[in-house]
Amino acid sequence: RPILLTMDATFNGLTDVVHYLAYKEWLVDANRILRAVDGTIRERYGAEMTRQLRTAVEAIAAGEQNNPHALDKPLRHIRIGSMVAGLGFNIVNAVMQPLGLTQSMVRIGPKYIAQGVAAFAKNPVKLATSVLEKSSFMRNRKRTQNRELNELRNSLRGKTESRQFIDGAMFLPMTAVQMTVDIPTWWGAYQKAQTEGYDEDTSVQIADQAVLASQGGGQTKDLAAIQRGSEFVKIFTVFYGYFNTAYNLGVERIRATNPRSPSQVARLATDLLLIYSVPAVFGALIKEAFKIGDDDDDEEIANKLAAEQVSFLFGTMVGVREAAGAAQIMLGLSTSGGLGYNGPAGLRFFNELNKFAQQAKQDELDRAFVRAGVNVAGIALHLPSAQINRTVDGVIAMSEGRTENPVALIGGAPPQ
């Protein structure tokens, strides 16, 4: 690698040393195991599986080293900024987090999820304390729930204590509610492993993996190969972690199903509904519940639910998800982003900058101009612009008498 002539070299060097010490023994063991089972994997699954495993080990060995390409730093900044602007203090998104329980049901079974939910409902503090005592993975879970959050929390250089506090607080609603899914999932998987006769350490490891397999994770070891690519590739995988998990669960269930068994086919149908349809439909209904004064008739609601289903299914595949809007238009469904394709979510900054330029050209200091400016600043400065704009719109609507519903402070103003 080229010599760095900035203070980044100090941080990168320290990170590399810590990473080396943490993973050295694991890497030796992992490579030894891969060499031992290489022939068996090639015979049963093919050479591609071997390449995937070796690529994953190499990525873990490399850690989060900065690529020296000149565009990587600005691309990373606007990618993480897009996530912060969209999800920071986003109450609507936080309310949707429990829908992840449907994937947990598919992974470990409704029976054990019910046990986990019941134990959490009975005494959430006691259960959380017990889970966190048993699992170091769960103790770090709030910091590693998705890739961008993990990167944001691990990036300390140039940040004041107040900025670090803000970065943590912005995602507190999302991470806190997500733990109401992760903890019951972990406990249900742990109880299932104990019932099946596994020892304590193995049960904990099985429970950790159940959370990752059903809810996803943000560390290098948890990411699909396409999520570990260059910054240019990562631009196309912002907000993809949850959908990647859904895709993997669906493929896993399809491969495990015997098409000649009616009972297995029926279970597969139920699992696919839980993975792909229930979250899409109820997620759309939750979004609609936060929209004040948007009284759609049954046909309009059905149209929106169908559009959300199409968006969810397309969202599980990188590249294909960029065509979700086009598919909705061709099917005559409503689209949330209008009729134009605005580019990948990671490059949202340029779309917002274009809107800001259009508003500035009008020479009118109206709400649209301010909203566009807030969006640009949110991505550039890593601030929760989406929720800021919703709250400001709600305050204005209430002050003008257009609504008295306080939900407008969360979901935004009613349509004029």
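**Figure 1. Glu231 in helix α13.** Glu231 is placed in helix α13, which covers residues 231–235. In this predicted model, Glu231 counts as buried because its relative accessibility is 8%, whereas a residue is called buried under 20%. Which residues touch Glu231, once its neighbours within four places in sequence are left aside? The contacts of Glu231 are Asp72, Leu75, Arg76 and Arg79.

**Figure 2. Overview of the protein.** The protein contains 21 helices and zero strands. Its C-alpha atoms fill a box of roughly 70 × 65 × 45 Å along the principal axes. For 416 residues, a compact globule would have a radius of gyration near 22 Å, and the value of 23 Å for the protein agrees with this. Of the 416 residues, 38% are buried. The accessible surface comes to about 22700 Å², and 61% of this surface belongs to carbon and sulfur atoms. Among contacts between residues at least 6 apart in sequence, 68% join residues at least 24 apart.

Figure 3. In soluble globular proteins, nonpolar side chains tend to be buried together. The largest nonpolar core of this model has 22 residues, and those with the most contacts inside the core are Val131, Met138, Ile183 and Trp186. At least two residues of this core come from each of α5, α6 (110–122), α7 (124–134), α8 (136–139), α11 (172–195) and α12 (200–215). Which helix gives the most to this core? The answer is α11, with seven residues. Apart from this core lies another, of nine residues, including Leu149, Leu152, Met170 and Phe171.

**Figure 4. The surroundings of Trp186.** Trp186 is one of the residues with the most contacts inside the largest nonpolar core.

**Figure 5. Helix α5 and its cover.** How many of the eight residues of α5 are buried? Six of them are, so α5 is largely enclosed by the rest of the structure. The buried residues are Leu101, Thr102, Gln103, Ser104, Val106 and Ile108. Their cover includes α6, α11, α12, α14 and α15. After α5 comes Gly109, which has a positive phi near 105°.

**Figure 6. Helix α15 and its bend.** Helix α15 runs over residues 262–289 and has 28 residues. At 1.5 Å a residue, α15 should span 40 Å, and the distance of 38 Å between its end C-alpha atoms agrees with that value. Where does α15 bend by about 40°? The bend is at Leu274, a residue that is itself among the buried residues of α15. Others that are buried include Leu268, Asp271, Ile275, Tyr276, Ser277 and Pro279. The buried residues of α15 pack against α4 (91–96), α5 (101–108), α14 (241–255) and α16 (298–315).

**Figure 7. Phe243 in helix α14.** Phe243 has its place in helix α14. With a relative accessible area of 21%, Phe243 is partly exposed. Phe243 touches Phe312, Gly315 and Thr316, not counting residues up to four places away in sequence. Between Phe243 and Tyr23 there are 28 Å in space, C-alpha to C-alpha, and the two residues are 220 residues apart in sequence.

Figure 8. Asp363 is found in the loop between α18 (348–361) and α19 (367–381). The phi of Asp363 is positive, at about 55°, although Asp363 is not a glycine. His382, in the loop between α19 and α20 (385–399), also has a positive phi, of about 60°, and is not a glycine. Is each of these residues buried or exposed? Asp363 is exposed, with a relative accessible area of 73%, while His382 is buried, with a relative accessible area of 11%.

Figure 9. Pro406 is found in the loop between α20 and α21 (408–411). Pro406 is exposed, with a relative accessible area of 52%. From Pro406 to Leu285 the separation is 121 residues in sequence and 19 Å in space, C-alpha to C-alpha.

Methods:
Residues are numbered from 1 along each chain as its sequence is written. This is a predicted model: local features need pLDDT of at least 70, side-chain atom pairs count only at pLDDT 80 or more; totals for chains, interfaces and linings use all residues. Side-chain values use heavy atoms; hydrogens and water are left out. Helices (H or I, at least four residues) and strands (E, at least two) are DSSP runs, numbered from the N terminus. The expected span of a helix is 1.5 Å times one less than its number of residues. The bend at a residue is the angle between axes fitted to the seven residues ending there and the seven starting there. Buried means under 20% relative accessible area, exposed over 50%, partly exposed in between (1.4 Å probe, protein chains only). Contact means heavy atoms within 4.5 Å. A nonpolar core is a set of buried Ala, Val, Leu, Ile, Met, Phe, Trp, Tyr and Cys residues joined through side-chain atoms within 4.5 Å. The radius of gyration is taken over C-alpha atoms; the globule rule is 2.2 Å times the number of residues to the power 0.38. Accessible areas come from the Shrake-Rupley method with a 1.4 Å probe; for residues, only the protein chains shown count as cover.
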